[in-house]
Amino acid sequence: MSETDPRTRTIQVDYLARVEGEGAMHLRIKDDSVEAIELRIFEPPRYFEALLVGRDFREAPDITARICGICPVAYLMSAVHAMEAACGVTPEPAVHQLRRLLYCGEWIESHGLHIHMLHLPDFLGYHDAIEAAKDHPEVVRRGLRLKQAGNALVELIGGREIHPINVRVGGFYRAPKRDELLVIRPRIEAALQDAIETADFVAQLPFPEFERAYLFVALQHPDHYPMNLGQLAFSDGRTLAVERFEDVLVETHAPYSHALQTRTREGQAVHMGPLARFAMNRDRLSPAAQAAANRAGLTRVCHNPYASIVIRAIEVVHACETALQLIDGYQPPAQPAIDVSPRAGEGCAATEAPRGLLYHHYRIDDAGRIESAQIIPPTAVNQVTIEEDLYQHVAPQVHASDEELRNLCERAIRNYDPCISCATHFLDLRVERA
Amino acid sequence: MPPTGTERPRLAVWKFASCDGCQLTLLDCEDELLALTDRVEIAYFPEASSRMLDGPYDLSLVEGSITTAEEAERIQDVRRQSKQLITIGACASAGGIQALRNFADIESFKRTVYAQPDTIESLATSTPIASQVPVDFELRGCPINKSQLLYVLNQALFGQRPTLPTHSLCGECKRAGVTCVMVAGGTPCLGPVTQAGCGALCPRHNRGCYGCFGPSETANTQALSPHLERLGMDPPALVRIYRTFNAAAPQFQAESQAHERD
């Protein structure tokens, strides 16, 4: 075995910290060059695409929400849109606005968590946010307040923060009254202020110099910074309907990982998430978010994945400002949900989860039974890009100590806010040196 | 060793097959988190910290179910290192949604999802933590409730056994003054057989309970099912309603199987 070969060095991170789910990294260096870098997702498979078969089409949102406790709204949203597409129905605009408001809550909560509790400790040099709170109490408390405001918004509309119960195919079980929504307004106003301060704070962090020419993929919408709606946009200029996702992006199964890997049909890695959304939609950010981006100096496309923390903060500003706008303009829908009758057919949809584009595709029969399900989460797509980033980080630094390489790689992985529960059908880091 | 003097009790948070939502509930205690860490030392919680200290631990919170041979071994090790072991969530107490495999063919599941099914190591069943090791307390829910989690942590830190209501959701719903969605609205509801604890969320949103907290202590599913049938549910629908996030809880499992034979 290469482990005994003195020219081979194996470096392993057995359990990635501050990411959602169970992943590891394996790095093998032979004769001073990188022989293999594998992001291993050993999170055990839960077989969602198989257990959905035979279930009723109305069950897909609540079942797929259980793929991820951090971004359940994303699963609820992609599932309801895909099922509505399959059944050929479109809920009224007021329902759609309420869905966007719910999604704003998840962006604030999930980004708030990642910025402050998972990502920031890397920049400030701590093991965790609790340790960081001893020296930077106001920064951490501000982050907790933001996260809490996002959670409160999800709870108000969805019934609870994790696995909301109020979303259904066709709309909601119960639409809040106007005055119920107004109650949360002062809190979101305060959150907007916290978000602006957070964006200005993270923009001043020291970022490692690292850039790559990524192929970004995100939704693009003529009127909005994308959440629920839009077409697929590629940073090479291509745009296409979401229905064509699988014509362009294909999944393969690497034997070392429980996550399927996605590339373009031509074999190119793609990058989804905040950097991609920002690259394709910057001018549709809310005014305060645009102003924060300007202050941060992000006037054009950003290719440094470490700066994703800034773009996440800018997106929180956007989500708070958008939420205020939606609350002010809210008129309850005539019916909380429209009746949806199943018909035999297929439906697909993509929405923007905090960590990137989440694609669902279902086939149902005329009784509404699910015949097949395909779910492609952003972390599975980003997996190949993360491995390429790791290669570029490690290749010039093969003589660094194992400990240094481990830290470097873990940081590089966290830039993507990977969600491993989602991607399993996804992550495990070992380093082997030869 | 029990904590002494100024030494804080050591807490560990473990993940098995799950969505992470229940451990996230701890991080969602935004108001209490920093105060909590004054009272306990978070010794092992990989989702929140890159500092992972070795055991033994005074209290382990365990999320997730057992779905691989590796997990079956690891839970033994967790138990050995933990003075108290409390499970959090429906995966840990009843196998979770991934226990739907218990009623299907695992090989066909693998083929549905993976191009190279032979490379996937996975047990044929998803089983609760208590089927593998002794558990000191099971906190129910998909996901768990934040107030219940804080209460259970407090009790455990004082060395007291937590007592939470094991009656059905109906009691909670009535106390909240919610009109019965089933009797008044004709909506199928699992409230009469589901353990209280969520705050009657679904009925408060004009929705029937779908059983996140698992069976209540004296769940009479055989009495409920005929009512559900009268509201229009056919046998396949009855199988499905008992077979979601607590599918492997004994009362729900038996009832779903009874209707599978119909």
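# Close-up views of a two-chain predicted model

The structure holds 41 salt bridges over all chains, a salt bridge being a side-chain nitrogen of Lys or Arg within 4 Å of a carboxyl oxygen of Asp or Glu. This is a predicted model, in which local features need pLDDT of at least 70 and side-chain atom pairs count only at pLDDT 80 or more, while totals for chains, interfaces and linings use all residues. Residues are numbered from 1 along each chain as its sequence is written, chains are lettered from A and ligands numbered from 1 in the order in which they are written, and side-chain values use heavy atoms, with hydrogens and water left out.

**View 1. Chain A as a whole.** Let us start with the overall fold: chain A has 15 helices and 14 strands, where helices (H or I, at least four residues) and strands (E, at least two) are DSSP runs numbered from the N terminus. With a radius of gyration of 21 Å, close to the 22 Å that the globule rule gives for 434 residues, chain A is as compact as a globular protein of that length. The radius is taken over C-alpha atoms, and the rule is 2.2 Å times the number of residues to the power 0.38. Along the principal axes, the C-alpha atoms of chain A fill a box of roughly 70 × 50 × 40 Å. Of its 434 residues, 67% count as buried (under 20% relative accessible area; exposed is over 50% and partly exposed in between, with a 1.4 Å probe and protein chains only).

**View 2. Where chain A meets chain B.** Here 58 residues of chain A are in contact with 62 residues of chain B, contact meaning heavy atoms within 4.5 Å. About 5,300 Å² is buried between the two chains, with 61% of that coming from carbon and sulfur atoms; this area is the accessible area (1.4 Å probe) that two parts lose on being put together, summed over both. Five salt bridges are counted between chain A and chain B. One place to look is A:K147 and B:E30, whose side chains meet in a salt bridge (3.1 Å, N to O). On the side of chain A that touches chain B, the elements giving two or more residues are α1 (48-51), α2 (60-65), α4 (93-124), α5 (129-135) and α6 (137-158). The most come from α6(A), with five residues.

**View 3. Salt bridges within chain A.** The side chains of A:D122 and A:R414 form a salt bridge (2.7 Å, N to O). This pair links distant parts of the chain, with A:D122 in helix α4 and A:R414 in helix α14 (residues 402-414), 292 residues apart. A:D122 is buried, at a relative accessible area of 14%, and A:R414 is buried too, at 3%. Another salt bridge joins the side chains of A:E59 and A:R55 (2.9 Å, N to O), and both residues are buried. For a partly exposed pair, turn to A:E180 (26% relative accessibility) and A:R174 (21%), whose side chains meet in a salt bridge (3.2 Å, N to O).

**View 4. The surroundings of B:V181.** This residue lies in the loop between α7 (169-175) and α8 (201-204) of chain B. At 11% relative accessibility, B:V181 counts as buried. Leaving aside neighbours within four places in sequence, B:V181 is in contact with B:G186, B:T187, B:C189, B:P203, B:N206, B:R207 and B:G208. The C-alpha atoms of B:V181 and B:C202 are separated by 9.3 Å, and these residues are 21 apart along the chain.
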